[in-house]
Amino acid sequence: MLRFFFTPIRIKAQLLLMRATNALPQEQREWGRAVISELNEISGFWPSLEWIAGGMMAMSKAALHNVLTCAWRKQPGQEPPYATAAGIGFILLLAPFYFVSASLLNQWGITWFFAPIEHWLSRPRQAVAFNIISPVVLLGTLLCSVLLNLATLVSVGREEEAGGTVRVVKVRVRSWNLVAIVIGLLLTGVLLGYAFVENFGTQVHL
Amino acid sequence: MGRTIRLSSQTRALLSEFLERASQWRYGYDLSRDTDLKAGTLYPILMRLSDAGWLEARWEEPSSPGRPPRHMYRLTQDGRAGARAATKDASARARSTRPIYNEV
């Protein structure tokens, strides 16, 4: 019975590992292939699954390092990791997206999403902590998401042209990265607008 | 040109495993079994050692058709020297911090 489930899981996990490998810079992809090739030597369900999980973790770490440190820029001809940057960008957008949409829905009478935040804010000490930490976390994750995706789409360099060196700005168009940037900027606008109205709104009316 | 590497206890364990059979090419899974390091720990270390120029890697010719080639690793000259120094440092430190009851 276990054997019946084993092969599809193994194949799916192998495919996932191959996808993770594609997020690596060209010269590191052979490490992903190295992890996959060892699978043929491993027998047993759990040892194989453990190996695949470990391999995925190692490849994810390397891919994350590649994106966050912009290591791909140092390799001539290396394509930016668009999909990884967009994926990380969307994950970073989750908390601000939840906060903004829950707050807006709460204003419109749908309180279900905002209830956990309200419950947290009902205790004074937790409310103080929330007011200090939430702007840093929300604006920080938004900024990281926008910058990360901008870094994959925009590059500044120098190129030789007849008569001298010119500064060149290259902008690539990738839909998912652009979507992540636009959502990030929209959420930043909403949050900053809310903060402005909350803090200076009464003074404006005066 | 190699760069400096962080020598964690896992890295030291892997280096001493390599030193035991310094001239031999080793496979990832065998290294994992011999050092008890999981793939998630082993491969980042192998990548770092390779980037630092301590490790050379190559693909083995497939032993039978349809079987994928395996990746093999071996310490370079720099790697052997570095590994010997690292493991020597670790054992010297272990000696200096040995509990007193061992001395009695």
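This is a predicted model: local features need pLDDT of at least 70, side-chain atom pairs count only at pLDDT 80 or more; totals for chains, interfaces and linings use all residues.

Visitor: At what angle do α3(A) and α3(B) pack, and how far apart are their axes?

Guide: In general, two packed helices are described by the angle between their axes and the distance between the axes. Here helix α3 of chain A, residues 45-68, packs against helix α3 of chain B, residues 39-51, at about 40°. Their axes are 7 Å apart. The crossing of α3(A) and α3(B) is right-handed.

Visitor: Which residues of α3(A) and α3(B) meet?

Guide: An α-helix has 3.6 residues a turn, so residues three or four places apart point the same way. From α3(A) come Trp51(A), Gly54(A), Gly55(A), Met57(A), Ala58(A), Lys61(A) and Ala62(A). They meet Ala39(B), Gly40(B), Tyr43(B), Pro44(B) and Met47(B) in α3(B). Sorted by class, this helix contact has eight nonpolar, three polar and one charged residues.

Visitor: How many residues does each chain give to the contact as a whole?

Guide: Chain A gives 17 residues and chain B gives 14. On the side of chain A that touches chain B, α2 (29-38) and α3 each supply at least two residues. The largest share of that side, eight residues, comes from α3(A). By class, that side of chain A has eight nonpolar, five polar and four charged residues.

Visitor: How do β1(A) and β2(A) pair?

Guide: Strand β1 of chain A, residues 154-161, pairs with β2(A) in the antiparallel sense over eight bridges. One of the bridges links Glu161(A) to Gly164(A) in β2(A). The two strands form a hairpin with two residues between them, and Gly163(A) in the turn has a positive phi of about 100°.

Visitor: What pattern does chain B follow along the sequence?

Guide: Chain B has five helices and three strands, in the order α-β-α-α-β-β-α-α. Of its 104 residues, 26% are buried. Among contacts in chain B with a separation of 6 or more, 56% join residues 24 or more positions apart.

Methods:
Residues are numbered from 1 along each chain as its sequence is written. Chains are lettered from A and ligands numbered from 1 in the order in which they are written. Axes are lines fitted to C-alpha atoms, for helices over the stretch in contact, and angles run from 0 to 180 degrees between N-to-C directions. Helices (H or I, at least four residues) and strands (E, at least two) are DSSP runs, numbered from the N terminus. A crossing is left-handed if the near helix is turned anticlockwise from the far one by less than a right angle, and right-handed if clockwise. Two residues are in contact if their C-beta atoms, placed from the backbone, lie within 7 Å. Ala, Val, Leu, Ile, Met, Phe, Trp, Tyr, Cys and Pro count as nonpolar, Asp, Glu, Lys and Arg as charged, and the others, Gly among them, as polar. A residue is buried if 20 or more other C-beta atoms lie within 10 Å of its own, exposed if 12 or fewer, and partly exposed in between; C-beta atoms are placed from the backbone. Two strands pair if DSSP finds at least two bridges between them.
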